[in-house]
Structure formats: C-alpha cells, structure tokens
Amino acid sequence: LTGNFKMAKNVLVVGSVDTVGRAIEFSSKGPAYDGRIKPELVSYSVAGTSNSAAIVSGTVSLLQQAYKEMNGELPPSALIKALLINGAADVGRSGVDFETGFGNLDAYASIRTLKDGKYRSGTIASSETQNFIISVPAEATNLKVTLVWHDLPANANDAMALVNDLDMRIETPSAEVVLPWVLSHQPQSLQQIGERGEDHLNNIEQITITELQGGDYTISIGGHSVQGAQDYYLAYQWDVLESFQWFYPTAS
C-alpha cells in the first residue's frame with residue numbers, strides 16, 4: 001500500500017505472536033491515528049503477519065460453516081468479528097493493549113460460543129437503550145462480553161473515525177455497574193493497562209468481570225449518538241470452576 005493513514009474501521013486487523021503469546025517485533029503496533037485499538041487480534045507466526053492473518057481467515061471459514069449449518073445462511077461479518085474477539089485468549093499485558101489487541105486467536109473458544117448460542121444482536125437508534133439478561137451459574141468465573149458494530153464511513157481526514165457511538169455496560173446481581181475497558185492513546189500512556197470507562201472512540205467494546213456471583217447479569221446497549229439505526233452484535237462467555245475437559249486433537 002502507498003501513502004499514509006490507511007487505517008480502516010470495520011475490518012479485522014491481525015498481528016503476530018510467538019508460541020507463548022509474545023508480540024513479534026515486526027508486527028505493527030497501535031494505536032490508529034485517532035487512538036483506536038489496533039490490532040484487534042493476534043495469531044501465531046514468526047514468519048510474518050500474512051501467516052497470522054491466514055490462520056484467522058481459516059477460522060472465519062469454520063465459523064461461517066458452523067453458522068450456516070445451524071441457521072441455513074451465512075452470518076453477518078460483525079458477528080464473526082465479535083465471536084473471534086470474545087474468544088481470544090488474553091496475552092501480553094493484562095487486558096486489551098496496543099500490541100496484542102483483545103488477545104490471541106482461540107478458534108475452539110469462538111466456535112463453542114457460537115454453538116452454545118451465547119451471542120445476541122439488535123438494531124438501535126440514538127438515545128435508545130436495549131437490555132439483555134444472561135443467567136450466570138454460581139460456579140462461573142471470568143465473564144467476558146464483547147460488543148461489535150460496523151460503523152458508517154467517516155468523512156475523509158476527520159480527526160475521529162467513529163460516527164455512530166454505542167455504549168455498553170453490565171449491571172451485576174448486586175446492582176454494581178461495570179463499564180468497558182478503555183486505553184489512553186497519549187504517547188506517555190501507551191504501555192499502561194486499561195481503565196474502566198465509557199468508550200467514545202472505538203466500534204468494539206469489551207467488559208470482563210473476573211469474580212462472579214450467580215444470578216442474572218443485565219447487559220445494556222445504549223445509542224449514545226446514532227445516525228438513523230445501527231445494527232450491533234455481542235458475544236459472551238464464562239469459565240466454570242472445578243471443571244475439566246480434554247479434547248484429543250486427532251480422530252483416533
């Protein structure tokens with residue numbers, strides 16, 4: 001590619017990590033010019049990010065096939081993006097960061113989320129709020145919820161790419177309100193871990209809650225500033241304490 005600032009908003013940018021999830025030096029780091037999180041995802045390759053992107057593309061095909069077998073049609077690409085990001089394993093610094101994004105590709109976790117039906121979708125207008133209730137068992141831990149929407153195009157040379165701004169928050173059974181992780185894109189803060197807050201920059205938002213209590217969690221999606229109506233997709237998952245599963249990697 002020639003020229004500068006070719007940083008798209010609705011694509012999935014993939015970086016490279018080694019076998020233990022460390023960012024490779026040749027893999028480009030974020031943020032985008034307006035502070036958005038890049039890359040969104042990383043995958044294994046010590047030879048080049050093209051290899052990492054190919055592994056992610058193959059996983060996308062598996063997700064598309066699984067969705068079509070379940071629903072008789074191909075899935076929306078924003079849903080696939082939500083499943084990939086939500087299934088990713090955290091690597092690098094704790095939480096989202098500008099080197100490894102939302103984590104390292106985990107194809108099995110993403111496909112399991114799809115097959116378990118742990119995803120939702122909706123269409124929202126400005127100043128509207130939509131709620132989803134998920135019932136989390138008492139033995140659960142590490143709840144993760146990811147919101148993705150494909151935004152309208154901004155004007156060329158806009159200082160900020162985001163047009164339709166959605167907000168996500170979660171209310172726990174004890175009425176605690178939990179906000180997404182946000183990163184500071186100031187030069188002196190690029191190595192800092194994320195803080196919870198409202199995100200008015202990215203069209204991906206993620207909330208993680210490590211310690212859970214059994215009960216109903218309310219996921220609220222708000223149309224902070226929306227032109228017309230905006231489709232969105234969210235995926236969620238949790239781990240289960242005192243459980244173990246082994247999947248042998250070959251047929252025999």
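**Entry 1: strand β12 and its partners**

I started at Gly122 and found that its bridge partner in β12 is Tyr232. I was reading a predicted model, in which local features need pLDDT of at least 70, side-chain atom pairs count only at pLDDT 80 or more, and totals for chains, interfaces and linings use all residues. I numbered residues from 1 along each chain as its sequence is written, and I took side-chain values from heavy atoms, with hydrogens and water left out.

I used strands and helices as DSSP runs numbered from the N terminus (E, at least two residues, for strands; H or I, at least four, for helices). I counted two strands as paired if DSSP finds at least two bridges between them. On that basis β3 pairs with β12 in the antiparallel sense, over seven bridges. I then looked at strand β5, residues 140-148, which also pairs with β12 in the antiparallel sense over seven bridges. There I noted Thr146 opposite Ala235 of β12.

**Entry 2: aromatic rings**

I searched the whole structure for aromatic pairs and got two. The search takes rings of Phe, Tyr and Trp (its six-membered ring) with centres within 6.5 Å; planes under 30 degrees apart count as stacked, over 60 as edge-to-face, and the rest as tilted.

Phe132 and Tyr232 make an edge-to-face pair, with 6.3 Å from centre to centre and 80° between the planes. Phe132 belongs to strand β4 (residues 129-136) and Tyr232 to β12, so this pair ties together parts 100 residues apart in sequence. I checked burial, where buried means under 20% relative accessible area, exposed over 50%, and partly exposed in between (1.4 Å probe, protein chains only). Phe132 and Tyr232 are both buried.

The ring centres of Tyr236 and Trp238 are 6.2 Å apart and the planes are at 25°, so I logged this pair as stacked. Tyr236 is buried at 6% relative accessible area, and Trp238 is buried at 14%.

I also found Lys118 over the face of Trp238, at 4.0 Å from the ring centre. The rule for this is NZ of Lys or CZ of Arg within 6 Å of the ring centre and within 35 degrees of the ring normal.

**Entry 3: helix α3**

I went through helix α3, residues 107-115, and listed Ala109, Ser110, Ile111, Thr113 and Leu114 as buried. What covers them? The cover includes α1 (49-71), α2 (77-87), β3 (119-125) and β12 (229-240).

At the start of α3, I found a side-chain oxygen of Asp106 within 3.3 Å of the backbone nitrogen of Tyr108. After α3 comes Gly117, with a positive phi near 70°.

Pro31 sits in the loop between β1 (14-17) and β2 (41-44). Lys38 and Pro39 are also joined by a cis peptide bond, with omega about -10°. Pro39 lies in the loop between β1 and β2.

Asn142 has a phi of about 60° and is placed in strand β5. With 33% relative accessibility, Asn142 counts as partly exposed. Glu242 has a positive phi of about 55° and is placed in the segment after β12. Buried or exposed: which is Glu242? At 84% relative accessibility, Glu242 counts as exposed.

**Entry 4: the open sheet**

I traced a four-strand open sheet in the order β4-β11-β6-β7, with antiparallel pairing. β4 and β7 (177-178) are at the edges with a single partner strand each, so one side of each has no neighbour in the sheet. Strand β6 (residues 165-171) and β7 run antiparallel and are joined by two bridges. I noted Val177 in β7 as the bridge partner of Glu171.

**Entry 5: whole protein**

I counted three helices and 12 strands in the protein. The C-alpha trace spans about 50 × 50 × 40 Å along its principal axes. For 252 residues a compact globule would have a radius of gyration near 18 Å, and the protein has 18 Å, which agrees. That radius is taken over C-alpha atoms, and the globule rule is 2.2 Å times the number of residues to the power 0.38.

Of the 252 residues, 46% are buried. For contacts (heavy atoms within 4.5 Å), I looked at those with a separation of 6 or more; residues 24 or more positions apart account for 77% of them.

Methods
A polar contact is a pair of N or O atoms within 3.5 Å; within protein, one must be able to donate a hydrogen and the other to accept it, and residues adjacent in sequence count only if both atoms are side-chain atoms.
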